[in-house]
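Have the sequence and the 3D view side by side.

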Amino acid sequence: MYIAKVYVTYKDSVLDPQGEAVKNAVHRLGYEVITEIRVGKYFEIQVAAKEEAVAETIEAICDKLLANVNMETYRYEIEQLEEV
């Protein structure tokens, strides 16, 4: 069994209005040293597949469902879960 941790964010060239709103709120709290905040999505996906198929499966799910590849980028980490 594996767990994939997937992080999806807007591409640098795409305006992130939610990130801008959070940055403005942080500035109002007095943290002017913050220059940029990007908001994204985080997913944890458990995968019951052979090791060689895990990355391929996660890649396909990200491309087809989790990320709008025109506007967003994604990265993921895969860890093997310990058997109990």
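Which residues does Glu72 touch, not counting residues up to four places away in sequence? Keep in mind that this is a predicted model. The answer is Val8, Thr9, Tyr10, Lys11, Lys41, Leu66 and Ala67.

The side chains of Glu72 and Lys41 are joined by a polar contact of 3.4 Å. And is Glu72 buried or exposed? Its relative accessible area is 13%, and buried means under 20%, so Glu72 counts as buried.

Now zoom out to the strands. Glu72 sits in strand β3, which covers residues 72-80. That strand belongs to an open sheet of three strands, ordered β2-β1-β3, with antiparallel pairing. On the edges you'll find β2 (40-47) and β3, each pairing on one side only. On average, neighbouring strands here are turned by 15° against each other, if you ignore direction.

Next, follow β1, residues 2-10, and its pairing with β2. The two run antiparallel and share eight bridges. Pick out Val8 and you'll see that its bridge partner in β2 is Lys41.

Finally, bring in the helix. Helix α2, spanning residues 51-66, lies across β1, β2 and β3. Relative to β3, helix α2 runs at about 155°.

Technical notes: Residues numbered from 1 in each chain as written. Predicted model: local features only at pLDDT ≥ 70, side-chain atom pairs only at ≥ 80, totals over all residues. Heavy atoms only, no water. Helix = DSSP H or I, 4+ residues; strand = E, 2+ residues; numbered from the N terminus. Buried < 20%, exposed > 50% of the residue type's maximum accessible area, 1.4 Å probe, protein only. Polar contact = N/O pair within 3.5 Å; in protein donor to acceptor, adjacent residues only side chain to side chain. Contact = heavy atoms within 4.5 Å. Pairing = 2+ DSSP bridges. Axes fitted to C-alpha atoms, helices over the stretch in contact; angles between N-to-C directions.
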